[in-house]
Each structure stands twice: as structure tokens, then as C-alpha cells.
Amino acid sequence: MATSGTADGRADASDEATESLTLEQAADEAALLTERILNARDAYYEKDAAIYSDEEYDGYIHRLEQLERLFPELQSQDSPTQTVGGRAETTLFAPVTHAERMLSLDNVFSLDEFDAWAAKVQRDAGRHVDWLCELKIDGLAINLRYRDGVLVSAATRGDGVVGEDVTENIRRVPSIPQRLAGTGHPPLVEVRGEVYFEVATFRELNAMQAAEGERVFANPRNAASGSLRQVGENKSAAALERMHRRLKRLSMLVHGIGAWQDPPVASQSETYALLKEWGLPTSTHYRVVDTAKKAAEYIAYYGENRDSVEHEIDGVVVKVDELALHDELGATSRAPRWAIAYKYPPEQVNTKLLDIVVSIGRTGRATPFAVMQKVRVAGSEVRQATLHNQDVVKSKGVLIGDTVVLRKAGDVIPEVLGPVVELRDGSEREFVMPQTCPECGTPLRPAKEGDIDLRCPNARGCPAQVRGRLEHVAGRGALDIEGLGEVAAAALTQPMHPQQAPLPSEAGLFDLRAQDLFPIEVIVRDPETGLPRQVGEEEPGRELITRDGVRLRVKTDTPFRRQRKAPLPGREHTASRPDPRFDPDGPFDGDDDFILSSAATEMLANIEAAKSKDLWRFLVALNVRHVGPVAARALAGWFGSLKAIRAASREELAAVDGVGEIIADAVLDWFEVDWHREIVDRWAAAGVPFAIPGHPGPGAAAAAGGVLTGITVVATGSLEGFTREGAQEAIMAAGGKAASSVSKKTDFVAAGPGAGSKLTKAEELGIPILDAAGFKRLLADGPDAVRESP
DNA sequence: CACCCTCGAGTTCA
DNA sequence: CTCGAGGGTG
């Protein structure tokens with residue numbers, strides 16, 4: 001275990017060790033620390049003896065706090081960091097001693113650990129075990145006490161022995177009965193459950209809080225805790241009203257019963273049925289299964305479908321269903337042996353904000369983004385997250401050097417939520433938005449007065465913008481040139497002092513020749529050592545440094561590589577004496593010594609082939625404001641050639657379906673710029689036709705109707721037999737409209753596996769949903785064929 | 001004047 | 001894939 005070196009009280013000195021800890025290691029270490037701390041407290045308070053020095057003891061506490069901050073999922077309500085000397089933290093709420101100790105649950109963090117636990121329980125039980133699986137709600141544990149069926153008190157868990165009395169507030173939670181239904185309740189019963197906000201309610205609540213200038217809660221759990229632990233005294237009528245409104249929106253689900261002699265039920269699931277009869281809220285999501293394998297499947301299912309549940313879940317609890325086995329298996333001092341909590345990987349983690357860097361996009365917009373210590377969130381490793389603009393940086397309140405909370409919004413997009421202020425040590429510094437473009441030095445300014453976004457006005461010359469535009473030109477939405485991606489675009493547009501870049505602007509794209517590529521060398525910095533190395537020799541790195549030291553952000557491999565045509569006879573390479581022809585700084589003496597990598601050759605061929613792509617793709621490639629694939633198709637279809645578009649007046653342009661005055665102006669304005677026209681002229685000179693062959697001329701109606709004329713279809717997910725683009729093309733080829741988002745106007749949604757929010761939306765709106773087979777039938781035979789046989 | 005839609009940007013993975 | 005911004009359409 002990693003504990004011997006790190007749990008030694010020198011908490012602050014162990015940052016490095018902490019950062020490289022896995023969750024499992026941290027959990028192990030935290031468990032050990034907890035045990036030591038609790039032992040020390042027992043010894044101190046009950047036996048009046050110290051087993052560790054004060055220094056050691058403080059060190060353990062400090063280290064445990066540190067671990068809990070780095071791994072918030074390790075925090076539990078009865079952690080020694082939440083309590084003082086074995087007593088619940090002093091609060092405004094009266095202490096309540098639970099009739100029976102509220103145990104916590106042991107945690108597992110992987111299916112392997114779960115299997116091991118289940119196997120052990122199975123062995124110890126010695127007979128068939130049914131498993132009850134339920135969702136672990138991320139809320140606040142509450143103990144309800146009913147005397148003769150009447151609610152007499154409600155308390156938080158506290159340290160498990162003594163909690164806080166929140167009875168008055170709990171009485172306002174609608175789902176909690178003041179009096180149990182039915183008869184036959186024991187004279188005194190304690191019911192355990194979880195109080196929480198549903199995700200949707202939480203969002204509403206936060207919106208309300210924000211609108212009223214109140215604090216916004218970080219997550220539903222905090223909100224529930226905060227709402228339940230507020231005091232009505234000394235509050236204005238309005239504040240009291242707000243407090244009651246919040247309490248009214250809380251939900252509760254019960255999942256257990258405290259001490260109970262001779263219960264009239266034999267299993268946990270029967271207990272739930274009984275609780276339900278009494279009018280207590282029980283979850284609808286639990287299931288009893290007869291094998292541990294099925295329990296693992298339940299865990300996996302909700303791991304994939306966390307969002308399908310109305311409340312936040314941080315895991316699954318698996319319990320032995322048979323109550324007699326609970327007694328036989330017993331409990332440790334902290335947790336029962338007959339139940340386990342499986343914790344899902346957290347959606348929120350803490351990591352270090354190393355720097356805030358500004359990148360310039362293809363439109364010149366300056367976007368600050370966070371560079372963080374690489375960390376695993378929701379299944380992938382994250383290093384960067386956008387901060388949008390300077391105002392967002394400010395409003396999030398993050399400083400460079402902060403420990404920050406990171407999550408994946410919608411499980412995909414990394415988002416910095418905010419700093420962990422308590423972890424600051426004074427070395428943090430504020431981010432200052434640069435005044436000049438980090439890539440070309442031009443002073444940044446807003447595009448128009450009052451804009452928050454700053455832009456680099458040097459559209460023509462700024463390498464970042466040229467690079468971005470080239471990427472866009474070659475991108476999937478435009479000319480779709482394979483082999484010309486982020487790295488290639490960077491390499492091609494980077495000046496090679498004293499020479500010019502092979503492509504100082506996108507205008508030269510189709511004039512690019514093989515010899516232009518020879519001087520290019522891409523050096524990629526090794527992410528571990530920080531040393532430059534040649535791309536292609538090993539795994540590609542994350543950061544690219546060009547010859548003049550400019551650092552670029554890189555994702556993929558590059559097609560360019562210096563290569564010798566043939567090995568020279570009689571010479572050996574040694575590490576100490578490399579072949580001079582591989583000296584990156586050595587003289588370059590013509591193309592005889594080098595050939596292009598096959599990737600680069602292919603790229604050149606792909607560029608050549610791109611000349612014959614559809615006109616609308618070229619319109620997109622030209623990068624006219626507001627002209628994306630849809631507007632480009634409309635313009636191309638109507639006018640048939642760029643020449644006709646160029647000759648059109650504002651009114652003529654705006655007459656096109658889907659094009660209005662603004663787009664018309666944008667087109668006209670675009671042609672006003674000299675270097676824009678140069679792009680068109682040079683591409684045309686290189687052989688780009690800029691016309692649809694056989695097009696009758698301006699004003700031609702859109703292609704005569706296919707089977708889908710007047711029908712709008714949205715394709716989502718992976719449809720077998722189609723690429724995403726292919727599906728859209730197929731829809732349009734059949735005369736239909738391929739929309740990108742689902743709305744009331746949508747006639748069909750073709751959804752394959754992996755479809756997300758669009759499918760949900762379609763279901764909400766009651767729009768017919770087709771699978772791949774149905775989609776093919778729709779394309780072939782039209783809407784009626786699909787409507788008849790749904 | 002409401003919607004509804006498209007655009008544009010950022011991000012990671014298989 | 002998702003969000004905000006801002007355009008177009010009914």
C-alpha cells in the first residue's frame with residue numbers, strides 16, 4: 001500500500017504523490033487513516049491515553065482532508081474530518097442520539113472488487129443468496145423516528161451515533177408522512193432514507209436562487225443539505241417563504257429500518273413493500289436478482305444510464321435480501337457485512353489549474369482555456385477545458401495555480417466549475433487577458449463596440465487564423481481533404497525562416513507541389529520529458545513546436561517526415577554520431593536526399609481530387625460569414641456558379657430560400673476584400689470550376705421532386721450502412737430536407753445506436769422514429785411506405 | 001414577434 | 001454533442 005510513505009503527517013510535502021494516486025489507492029489510504037484517527041480518539045476520550053503524538057494525529061487529519069478534497073467521492077458523512085473528537089460538529093441544531101447506530105457502507109470501486117465481495121458473502125452465507133440492488137442517491141442521509149405511527153423526530157446521520165435534529169424542516173417535505181398509514185406499526189421505529197433534490201428540481205431551484213440574487217448551489221447534494229439545515233429564526237418573511245418553498249421541493253426515499261424485534265417480514269424487499277404500505281416513499285428502481293452476475297449487470301446498466309434516473313446517483317447499493325442472513329453475517333464496527341456500495345467514477349474531480357492560455361481561432365477570436373494536470377473524469381482523460389472569454393474566467397473566480405473542480409458537462413465537454421478556495425497557498429495568480437495576439441502580436445480588440453470577445457484583426461496574416469481557415473477548408477464540412485488535418489495545416493502555414501510558409505494563405509492550396517513540402521519538419525514535444533522529438537518515430541506528442549519556437553496545440557500525427565530515399569552503404573548510425581543528413585538544423589541540399597512520406601503523397605493527391613468537389617463545398621470553404629453547409633447549398637443550387645453569385649445583387653441573393661438580407665450582405669462584403677478575391681482567382685486558375693456542370697443558370701428551381709419532396713428528416717446516431725454525412729446526402733438526393741435538429745417541423749427521425757438527445761426530443765414530440773432499415777425504406781419508397789408499417 | 005434553425009467554437013474518443 | 005448567439009421564417 002502507498003500509505004507508509006505518505007500517511008506520515010507531512011501532508012503538504014506529498015503533493016506529487018497525491019496527484020499520481022489512483023482512486024483505489026487513495027481509498028485504501030483514507031480507510032487506514034480513518035481507522036488510526038478513530039482509534040486515537042477512542043483511546044484519548046475513553047481510555048484517556050494518547051497513542052499518537054499531537055503532531056502525528058494532526059498530520060493524519062490533515063492528510064485525510066487533503067485526500068477527501070482531491071477525491072470528493074471518498075468523503076462520507078461520518079468521516080473523522082466531519083466530526084470532532086467523536087461528537088457531531090456543534091451546530092444550531094439540537095443533537096439527537098439515534099436509537100440504533102447508523103452504519104455507513106463499505107465501498108468498492110470496480111466490478112472486480114464487487115465480485116470479490118459477493119463471492120465472500122456467498123461463501124460466508126453458505127446457502128443461496130438473493131441480492132437486492134438499488135440506486136445510491138447522492139443526497140443527505142436522514143433518520144425518521146415514528147412513535148405509535150406518528151413522526152416524532154428527524155435527524156441527520158451526524159457521526160452515526162448522534163445527529164442533528166431537523167424535525168421542523170423535515171415536516172415540510174411533502175413526501176414524508178406525519179403519520180404512518182395502516183396499522184400494526186411497532187411502538188417505536190426508525191426509518192432510514194435519503195433526502196435529495198431531483199435533478200430537474202435542482203436546476204429550477206438554482207435558476208430561482210440566481211434570479212433572486214441568492215447563492216447558487218454546486219450540486220443537488222449541497223442544495224439538499226443546505227436547505228435542510230437552515231434555521232427559520234431571524235429571517236424576514238420573504239426569506240422564510242423562500243426557505244419553505246425550497247423544503248417543499250425536497251424529495252425523500254427510504255431504504256431501511258433501524259432496530260426492530262421480530263419483524264413481520266423475512267427479506268429486505270418485503271420490508272420495502274411494508275414501508276410502502278405505511279405510506280413511506282420507496283424507490284421504484286430497486287430489483288432483486290438471484291445471482292451476483294445479475295447484480296453486476298444492474299451496476300453496469302445504471303453506470304451507462306445514470307441520466308435516465310430523476311435524481312443524481314453516485315453508485316449502487318447491493319444488499320443481501322434475506323434478513324436472517326443479515327444477522328448471521330453481522331457487521332464490523334463501521335459497516336454491515338451484508339451490503340456494499342459500488343461507487344461510480346465521479347463526474348466531478350479536482351485537479352490543478354497549471355495555466356490559462358489563449359488560443360486564436362479561425363475567426364480571430366481569442367479564447368482562454370484552462371491547462372490542467374491531466375485527470376480522469378467520466379471515463380476519459382482531460383487536460384484542457386475552454387474558459388470561453390475573460391468574463392467567464394473572472395466569474396468562475398479561478399486563479400492560475402488553483403485546485404479546481406472539473407466535470408464533464410453532458411458527459412462530454414470538460415468544464416471547470418470553480419476553485420477549491422481552501423486549498424490556496426498564496427502562490428496563485430490572476431489571469432490577465434493579453435492585449436496582443438499571442439501568435440502574431442497584433443493588438444486585440446473587440447469586433448464591435450461593447451463585445452466581450454476580443455479578436456485578432458489580422459485576418460490575412462495571423463498564422464493562427466490562416467491555420468484555422470486552412471483546417472476549415474480541408475475539414476469535413478467543406479472540401480473534406482483527407483490527410484490535411486490540424487497538424488498538417490499547422491505545418492503548412494508556419495513560416496520556415498528565412499523561407500515563407502508553403503501556404504502563407506489558403507489561396508495557394510491547389511498550387512502546392514511536392515517540393516514545397518521538403519523543408520517542412522515537424523517537431524513534437526514529448527509530453528513526459530518536454531524534449532522535442534521527431535513525429536512518427538514514436539507516439540505523437542501533445543504539443544508541437546515549430547522551428548521558430550511557436551508552440552501549437554496538436555492532436556494527431558503528421559503526414560510529413562524526412563525520409564531518406566535509400567540507405568547509404570558503408571555508414572552506420574550511432575547515437576553519438578548521427579547521420580549528418582538527419583541533422584534537423586543541417587543544410588538542406590535539394591530533394592534528392594528526401595522523399596515524402598506516403599501520407600504526404602496521399603494528401604497531395606487528395607488536394608488535387610478535391611478540385612472536383614461540389615460547388616457548395618467550395619462556398620463553405622471560402623469562409624463567408626453565416627454561410628455554412630445549408631446556406632451554401634441553397635446558393636449553389638439557385639445560382640449554379642460562383643460567377644453568377646458574384647454578379648448577383650443584394651436583392652437577388654436575398655430572394656434565395658434560406659438566405660436573407662444579412663447573409664446577402666455578408667456575401668457582398670466578402671467579395672469586397674482583395675485577398676478574398678485572390679483566393680477565388682487562384683483556385684480558379686488552378687482548375688477549380690466553381691460551377692455545377694449542366695446547371696441551367698440563376699433562378700433554376702431546386703432539383704425536381706424525389707420521393708422525399710417536402711419532407712424533413714433528421715439522422716442521428718450511427719445508422720448502419722451510412723456515414724453521418726452520407727445519410728444527409730441520401731436524404732437530399734431523394735429530394736428531402738436534412739435538418740440538424742429535431743423540431744415540430746421534422747417529419748422523421750432516423751436513429752441508430754448511440755443516438756442521444758435528438759432521439760429523446762423526437763419521442764417527446766411524437767415524431768416517427770426509424771431504424772436503419774426503416775430509413776432505407778423511406779429513401780427508396782417514400783414516406784407512405786414507412787407510415788403504413790411502423 | 002415568436003419560434004425554429006443554423007452557425008461557430010471547443011473537446012475527446014474510438 | 002452541446003451551447004449561446006443571432007439569423008430567417010411564418
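Biologist: Let me start with one side chain: which backbone oxygen does Arg617 reach, and at what distance?

Modeller: A polar contact here is a pair of N or O atoms within 3.5 Å; within protein, one must be able to donate a hydrogen and the other to accept it, and residues adjacent in sequence count only if both atoms are side-chain atoms. In this case, the side chain of Arg617 gets to the backbone oxygen of Ala478, at 2.5 Å. Bear in mind that this is a predicted model: local features need pLDDT of at least 70, side-chain atom pairs count only at pLDDT 80 or more, and totals for chains, interfaces and linings use all residues. Residues are numbered from 1 along each chain as its sequence is written, chains are lettered from A and ligands numbered from 1 in the order in which they are written, and side-chain values use heavy atoms, with hydrogens and water left out.

Biologist: Is Arg617 buried or exposed?

Modeller: Buried means under 20% relative accessible area, exposed over 50%, and partly exposed in between (1.4 Å probe, protein chains only). Arg617 counts as buried because its relative accessibility is 8%. You'll find Arg617 in helix H18 (residues 615–621). Leaving aside residues up to four places away in sequence, Arg617 touches Arg476, Gly477, Ala478, Leu479, Asp480, Glu725 and Glu729. A contact means heavy atoms within 4.5 Å.

Biologist: And what sits in between buried and exposed? Where does Ala31 fall?

Modeller: Ala31 has 35% relative accessibility, so it counts as partly exposed. Ala31 belongs to helix H3 (residues 23–46). Its C-alpha is 9.3 Å from that of Leu74, 43 residues away along the chain.

Biologist: How many helices and strands does chain A have?

Modeller: Helices (H or I, at least four residues) and strands (E, at least two) are DSSP runs, numbered from the N terminus. Chain A has 27 helices and 28 strands. Of its 790 residues, 46% are buried.

Biologist: How do I read the sides of a helix? Which residues of H11 are buried?

Modeller: An α-helix has 3.6 residues a turn, so residues three or four places apart point the same way. In H11 (residues 292–304), the buried ones are Ala295, Ala296, Tyr298, Ile299 and Tyr302. They span an arc of only 155° around the axis, which puts them on the same side of H11; the arc is that of the directions from the helix axis to the C-beta atoms. Lys293 and Glu304 are exposed on the face turned away from that buried side. The cover over the buried residues includes helix H5 (111–125) and strands S5 (131–137), S11 (287–289), S12 (313–320) and S13 (339–343).

Biologist: Some of those strands must turn up in a sheet. What is the strand order?

Modeller: Two strands pair if DSSP finds at least two bridges between them. Here 5 strands make an open sheet with mixed pairing, ordered S4-S13-S12-S5-S11. S4 (107–108) and S11 are the edges, each with a single partner strand, so one side of each has no neighbour in the sheet. S5 and S12 run antiparallel and are joined by 7 bridges, with Trp131 opposite Val320 in S12.

Biologist: What does His285 touch?

Modeller: His285 lies in the loop between helix H10 (268–277) and S11, and it is buried, with a relative accessible area of 15%. Not counting residues up to four places away in sequence, His285 touches Cys133, Leu135, Tyr298, Tyr302, Val309, Glu310 and His311. With the side chain of Glu310, the His285 side chain makes a polar contact at 3.2 Å.

Biologist: Which strands form a hairpin?

Modeller: S14 and S15 do, with 5 residues between them, and Gly364 in the turn has a positive phi of about 90°. Antiparallel strands S14 (residues 348–360) and S15 (residues 366–377) are joined by 7 bridges. Val358 stands opposite Pro368 in S15.

Biologist: Where is the pLDDT below 50?

Modeller: pLDDT is the predictor's confidence in each residue, from 0 to 100. Chain A has a mean pLDDT of 74, and 75% of its residues reach 70 or more. Below 50 you'll find residues 1–17, a stretch with 21 contacts beyond near neighbours in sequence. Residues 521–597 are also below 50, with 137 such contacts in the model. Where pLDDT is low, the predicted coordinates should not be read in detail.
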